[in-house]
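Work through the exercises below with the model open. Each task is followed by a solution in steps.

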Amino acid sequence: MTQIPNGSNYAVDMRDIVIRFPGVLANDHVNFTLKKGEIHALLGENGAGKSTLMNVLSGMYQPESGTIMVKGKPVSFRSPKDAIAAGIGMVHQHFMLVPTLTVTENILLGLNEPKFFMNLSIYDKKIEKLQETFGLKVEPTAKIWQLSVGEQQRVEILKTLYRGADILILDEPTAVLAPQEIDELMETMRTLVSQGKSIIFISHKLNEVQAVADRLTVLRKGKATAEGIDPKGLTRTQLAELMVGRKVIFQVDKLEKEPGEVVLEVENLFAENNRGLPAVRGVSFEIREGEIFGIAGIAGNGQSELVEAVTGLRSSEGSVRINGTEVGNCSPSKSIRCGLAHIPEDRTGVGTAPNLSITKNTIMKSYSQDPISNGWRINYVAAHDHAVGLKDSYDIQAPTVDTMARKLSGGNLQKLILAREISGAPQLIVAMQPTRGLDVGAIEGIQQILLEQRQKGAAIMLISEELDELLMLSDRIAVIFDGELVGQMDASEADLNQIGMMMTGTLRSGE
Amino acid sequence: MRLPFKLKFEPRTKDVPKWMPLATSIGAIVVAFIISGIVLALIGGNPFRVYSFFFSAAFGSWGAFSDILVKATPLIMIGLGCAVAFKMNILNIGGEGQFYMGAFFASMVVLVPIIPLDSPRWMVLTLMALMGILGGALYGFIPGFLKAIFNVNEIITTLMLNYVAVYWNNYWIFGKYSDAGFQMTPTFEKVAWLPKLADLAKEYPFFSGITLHLGVVFGLIAAILIWLILKHSRWGYEISLIGDNPKAANYAGINIKKNIILVMMLSGALAGLAGMSEVTGVVHRLQERISANYGFSGVIVAWLAKLNPFAVIPVAILFGALIVAGREIQPSGLSFMIQGTILFLVISSDVFLRYKVRIVRQHQEEAA
């Protein structure tokens, strides 16, 4: 940028923003500026106040104090409508598209055009023109359900552009994408700024930020710990320190461990998804004692169904054996008796009962065993002690063990689930996305716990969308695509590029 | 027009103090009486006179109070049955039908008769109680089974089965066991009457005319039993886990289908026992309209008691009082109005437990 950054050069200039929620200061005098034609990355842990700040900018919240200037003019948004009118467009992490409508129809949705006659072909052309300008290729007449996740994201971006946005907020846009798609998105972002748009890019990942962002703002506990600094030359450790406020060791210590006996054997497993379509198609693998088996893949390629079939939660065909006992297509309780611990994908919907106390949540798997239960009774004194023990040793942050589970933060809830599952001394741990959405500090703790269990001889099946995490923790890695394992390799021989191509289905091992 | 102040609802971040739920419920009941009083005044009545009459009709004498307890007895048992089911998020509103089926099964003991009527009294009554429990449990099994296996909505099935039970009863009391063509069976032999306090009037004249019968003891024992199940048993834990998050319960290895059926049967059994207690303790025969809408009031009792087994008892007594007082007053719909207002306000008073309500002056808000 050669322009002098005076007031009118800022696309967005937010000063001293204060937002207070019951009990927390979500934004504590935060300053945030976005220059015209730049990509400004916004980082922070969950709950650091990123979303709150962006919701202020997109008109969802009104700040208690502070000023907002958009393109040099002071504004006070009463609703998201005002923000859109001022040229601010937000692309949410979860897409808001109607799957059965076409791209054009989705873009026009909610607008006051076409007025009466649905002469959509005119609009198809308009949108094609928009696509050419910004290099966002999607077939306007295609239905949303036919598109890949990356293409759907482009539709979301087109939606904001069609509404005249020149300030785009991209909320963790790379979280749902495969490596190649991430590269394409970055290309798109560069094209957009070269055409005069300005972008706020929310991300957790330093390499992405360094690849595209001109400047960087970091939030921690509602305060800015870095305001508009240059991300080039920043190390991962420095960045983590800005986000967490203490040093984080990235390289977890993975000790050598010779795999033992086979614990889990999955053979030719088939399962359907909730709509009755085949989701797991002939999957076979085995996991040994003291081994972490990582499964990579883009969300929605059968991971959830595979995990549910293995843990007995979903009916399946084929064979699942834990230590030689057939548990496939039986009941969850049989799998639990065979020594299964399951860290589910959905912490609040499956892993815990939100309105029950921490104590009651910690005995979910052990309530029928000594010492928690004696005969028909539950010994709530023993249960309480058990819960207090887990709370202390896993450092679960909560006032007491009588606190309801729904009052825990995501990281603490995940610790509660891990504590409960691991306290049963499991032989097989199935962990699905165990670190998703957690902050750097909590991620580190949870990875540490998994490695400890590996050291103790547990067989671990780890499903994650974070390739870095998989590569770091796993002994062997498989890639799932469209319900099939398309490649299995030793983690030491794994090649990121190759895995990326397998994830998108462009490569199969053995082809 | 803008008011000079507005209410601000803030979600509570901390747990509410233990006394708070009770205090808000009592507050809601008081407000319900005030609102009903205003309605009374609007239609030309004198609320103070009505309420004092109400009060003396209900609590004015030991006889009246005993009547209240007699009315409260079935409400306690049905309320407990509803509380168990609601705890698991099974909305059993079939208490009425299960009550009738319990009464029918119990009556069959003496009408068929299943046991010689010269058997000892305790034996006849025990068998009747067991039959009442069985009748209610079987009638709870039907919707429970349909829900567990075919996922049929239990609200619809339990509600509809209420009518089936009433007409089933009518068939037998008109068609088979009618007493000289009236829609009732002949009075049961004394051996099938639950003991009541009035039976002791010879020794203790104080008890003469006191209608309170042994059924109230069934209710108290049931309350203790349900409390043990819900608060201390493994089964109670499973029930609360299913009620709060069925997916988590399934994940924890709990058999949800089995529990739906069992809980519906327990819920029905309690209503069935209430039916037995009513025919043996109060009417001494099977007839039409043995229930003063107990099955439906039981639903309200369970909600007002916040599904707490011991709280069911005082709430049932309050409703018994409304029923007794309602008999003495015109229009008799008054007590239903008060019941409805209480339910509405107690349920809405939950908002105070979940939110902190603050009054904020408008101009302060503007300044902020």
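**Confidence and conventions**

Chain B has a mean pLDDT of 90, and 96% of its residues reach 70 or more; pLDDT is the predictor's confidence in each residue, from 0 to 100. This is a predicted model, in which local features need pLDDT of at least 70 and side-chain atom pairs count only at pLDDT 80 or more, while totals for chains, interfaces and linings use all residues. Residues are numbered from 1 along each chain as its sequence is written, and chains are lettered from A and ligands numbered from 1 in the order in which they are written.

**Exercise 1.** Find where in chain B pLDDT stays under 50, and state how many contacts beyond four places in sequence the model has there.

Step 1. The stretch is residues 364-368 of chain B.
Step 2. Two residues are in contact if their C-beta atoms, placed from the backbone, lie within 7 Å. For this stretch the model has two contacts beyond four places in sequence.
Step 3. For the model, the scores are ipTM 0.86 and pTM 0.78.

**Exercise 2.** Describe the open sheet of four strands in chain A.

Step 1. The strand order is S2-S1-S4-S5, with antiparallel pairing. Strands (E, at least two residues) and helices (H or I, at least four) are DSSP runs, numbered from the N terminus, and two strands pair if DSSP finds at least two bridges between them.
Step 2. Strand S2 (24-35) and strand S5 (73-75) of chain A are the edges: each has a single partner strand, so one side of each lacks a neighbour in the sheet.
Step 3. On average, neighbouring strands are turned by 25° against each other, direction ignored. Axes are lines fitted to C-alpha atoms, for helices over the stretch in contact, and angles run from 0 to 180 degrees between N-to-C directions.
Step 4. Three bridges join strand S4 (residues 65-70) of chain A to S5(A) in the antiparallel sense. A:Ile68 stands opposite A:Val75 in S5(A).
Step 5. Helix H1 (residues 50-57) of chain A packs on the sheet and touches strand S1 (10-21) and S2 of chain A. The direction of H1 makes about 120° with that of S1(A).

**Exercise 3.** Characterise the side of chain A that touches chain B.

Step 1. In chain A, 27 residues are in contact with 18 residues of chain B.
Step 2. Helix H10 (332-337), helix H11 (347-351) and strand S18 (377-378) of chain A are the elements that give two or more residues to this side.
Step 3. By class, the side of chain A has 13 nonpolar, 10 polar and four charged residues. Here Ala, Val, Leu, Ile, Met, Phe, Trp, Tyr, Cys and Pro count as nonpolar, Asp, Glu, Lys and Arg as charged, and the others, Gly among them, as polar.
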